[in-house]
Amino acid sequence: MAQIELDGIDRIFQLGDSQVHALRDVALHIEAGEYVAVMGPSGSGKSTLLNLLGLLDRPNAGHYRLEGRDVTTLSADEQAAVRSARIGFVFQSFHLVPRLTAAENVALPLMLAGIPAHERASRVARALRDFGLEGRAHHRPDELSGGQRQRVAIARATIMRPALLLADEPTGNLDRATGQEVTALLEDLNAAGMTLIVVTHDPTMGERARRRVLMEDGAIREDLRRSPEPA
Amino acid sequence: MSPADTLRFASRAALGYPLRSALMVLAMSIGVAAVVMLTALGDGARRYVVEEFSALGANLLIVLPGRTETGGVNPGSFVSSTPRDLTNDDAAALLRLPLVLRVAPLTVGNSEISVGGRLREVMVVGTSADYLDIRGFGVASGQFLPREDFGRASAVAVIGETIRAELFGNQNAIGRMIRLGDHRLRVIGTMGPAGRGLGMNSDELVLVPVATAQAMFNTGALFRIMVETRGREALAPAQRQLEDLLKARRDGEFDFTVITQDAVLGTFDRILGALTLGVAGIAAISLAVAGILVMNVMLVAVTQRTGEIGLLKALGASGRAIRLAFLTEAGLLSLAGALAGFALGHAGAWAIRLAFPALPAWPPDWAVAAAVGTALGTGLLFGVMPARRAAALDPVQALMKR
Ligand SMILES: Nc1ncnc2c1ncn2[C@@H]1O[C@H](COP(=O)(O)OP(=O)(O)OP(=O)(O)O)[C@@H](O)[C@H]1O
Ligand SMILES: [Mg+2]
C-alpha cells in the first residue's frame, strides 16, 4: 500500500459557461519517504494537484486514499484534523501572519491542535534552533529576510512532525543562493523520512528529486524515476 | 484550540488593527455612554421631583381653584385660572370637618422688605399657624404665626434664615420692625435653616398671616388650601367630605381641584419613568447602530484577513476554531466598548451632578446592566455573521488571495 494513492482524479472549474479541466484522470501513487518534484508549464494543474493532495480542495471525480484511508469522503473538519496531524504546507509567498512573531507563527499549528502552552514553548524553541532562527524568535515577519521567512514557514510546516510535506514553488520568491539553502533544508527533512512533494519551475531543483512528475494540460505526461544513486 | 489560546489569539488580532478596533470600541462606548447618561438624567429628574413632593408630608390634600381634567395632574394644576376663588371662609369651613386635623390657607406674592437702609426682594407667603406643622418646618427663635381667625390681618411676620442673616446679621431679630411693601410688621420668629420642598426654601421666605398678605396684594383669593387629615386612612373619606362641603358652598359646582401627594407623586413617577425609558430606548438605538458597525468592521476584518484564514485552515484549524476566534474578537471589542462607555457614562453623569447639584443624576442599575448587556449582545449577535463567513471560506481561494 502506497502512502498516497490517486485514481481517476478529475478537477473541473466552472468559469461562467466554460469549464476548465484543471486535472483530468490523474492517477498517481507515492510511497512514504519519496521525494517528488512536480513540474510543467504554467496552468498545467500543478497547484491544483498539490491542493488536492493537501486536502484543501476536493476532486470532482476519482478517489484519494491517504495511508490507506479514503479521504475524499471526509467532512471538512475531519479533513482539517488530517491536515493538522499528517500534512505540512510550504507556500511560495510564505504566508506568515504579519502581526505574530516568528515563534508565534511556528507555534500556530500546535496551538490549533490544542497542545498546552508550556509544551509548545520547548518544541518551538527546538524547531527555531534546528532551522537556525534562535536569534529571530521575537522578530515579526517584516523584520526577517526572505530566506528567514521561508525557514520560519518550514519550521511551522514541520512542527507537528507530519508524514507529508507539500511545497508549492517554495523557492519562487527567493534568490538563487537562498533558494538552494531552502531546498537543502527540505531535502534534509526528506532524508529524515518525511515524504516531500515540491512543485517547481526550477529545472536544477527538479533534477535533484529522485522522482519527477511532468504535467501538461491537467494530465501527467511523464513520471520519471532516477535510479537510486550508487551508495 | 483551548479557550485561553482563542482569547489570546483574538485579542492579539484586535490589537493588531488598532484603528479599526478603536473605531469599533468608540462606536460601542458612545452607545453605552448615551444610555447611561440619559437614563441618569431622566432618573435624576424623576427622583428630584419625587423628593420635592415627599417633603410635603404624607396625609396632605391640596385644594386649588379651577377644575383640571379628571383626576390626573398636569402642569396646569399649578397655574391657577380661576372661575371662582377659594376664600378664607372656605378654609375655615374645612377646618370644621371631623376628619381634618389642620388647615393652612395660602396666598403667595413677591414684595420688598426693608430694615433700616437694607432692602431686598422676597417671596411673601400668607398662611396660618398650622402651616408650620403641615410643612414640617421648625422655628429657630421666637414663635410662629399666632393661631387666630384667618380673617385677622395681624401685623406680624416670621422670616427665613437667609433673610434674617442678611437684614439683621448678628443682631437679635425678634421684636424688630420691618417694612414689607407698604406694611409695617413686627418680627415674631425666625425659621430654622433648610426646610424645603416644592421648590420653596423656607430660608428665603417671609411668612405673614394670610389676611395680611391678602391686604398687601389686594386680593381676597387664595392660591391654595393645604389640608392635613387625621391619619393616612382618613385621606380618601376626608377628600370626599371636603369635596362635598366645597361643592355645597359654591352652589354645587365642582370648580376646584383636590390633589393628594400620592396622586402627584404617582403621576410624576409615571411620566418621568416613561420619559427615562423612552430616552433609554432612543439611546439604545445608537447601540443597534453600533452593532451594525461591529458587523461591518468584522466583515472588513474577514476580508482583510482572508489569506490568514486560508492559512489557518491549511494548518488544520477547524471551522469551529475560526468561528470562535472571530466571534471572540467581536465580543472582546464589544466588551471594551461597553466598559469604556460605562466609564464615560458615569463620568458624564458625574459632570451633570456637578453642573446641577440639585439633580440626583445617578444612572439606575437596570439601565447600566441593560446597556452593557445590550452592547455585548449586539456585538456577539452581529459578530456571528462575519465569523460564519470566515469559517465558510474556501481554503484554496482564501490562500490565493493576498
Ligand atoms: N479557482 C479556480 N477557478 C477557475 N479556474 C482555476 C481555478 N484554479 C485553477 N484554475 C485553472 O486551472 C488550471 C490549472 O491551474 P493551476 O493553478 O493548477 O496551474 P499551475 O500548474 O499551478 O500553474 P502555475 O505554474 O502558473 O502556478 C489553470 O488553467 C487555471 O486557470
Ligand atoms: Mg501554481
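Reader: How much area do chain B and chain A bury between them, and what share of it is on carbon and sulfur atoms?

Author: Happy to walk you through it. Please keep in mind that this is a predicted model, in which local features need pLDDT of at least 70, side-chain atom pairs count only at pLDDT 80 or more, and totals for chains, interfaces and linings use all residues. Residues are numbered from 1 along each chain as its sequence is written, chains are lettered from A and ligands numbered from 1 in the order in which they are written, and side-chain values use heavy atoms, with hydrogens and water left out.

Now to your question. Chain B and chain A bury about 2200 Å² between them, with 60% of it on carbon and sulfur atoms. Buried area here is the accessible area (1.4 Å probe) that two parts lose on being put together, summed over both. Of the area that chain B buries against chain A, 27% comes from B:Arg12, B:Leu311 and B:Leu315, more than from any other three residues. In terms of contact (heavy atoms within 4.5 Å), 25 residues of chain B meet 23 residues of chain A.

Next, the charged pairs. The interface of chain B and chain A holds 3 salt bridges, a salt bridge being a side-chain nitrogen of Lys or Arg within 4 Å of a carboxyl oxygen of Asp or Glu. One salt bridge brings together the side chains of B:Arg12 and A:Glu104, at 2.3 Å from N to O. The elements of chain B that give two or more residues to the side touching chain A are helix H1 (3-16), helix H9 (306-314) and helix H12 (395-400). Helices (H or I, at least four residues) and strands (E, at least two) are DSSP runs, numbered from the N terminus. By class, that side of chain B has 12 nonpolar, 5 polar and 8 charged residues. Here Ala, Val, Leu, Ile, Met, Phe, Trp, Tyr, Cys and Pro count as nonpolar, Asp, Glu, Lys and Arg as charged, and the others, Gly among them, as polar.

A network of salt bridges links A:Arg99 and B:Glu308 with B:Arg20, B:Arg305 and B:Glu329.

Finally, a word on confidence. The model scores ipTM 0.93 and pTM 0.72. Chain B averages a pLDDT of 86, and 92% of its residues score at least 70; pLDDT is the predictor's confidence in each residue, from 0 to 100. In chain B, strand E8 (residues 196-197) has the lowest confidence, at a mean of 49, and strand E5 (residues 156-159) the highest, at 94. Where pLDDT is low, the predicted coordinates should not be read in detail.
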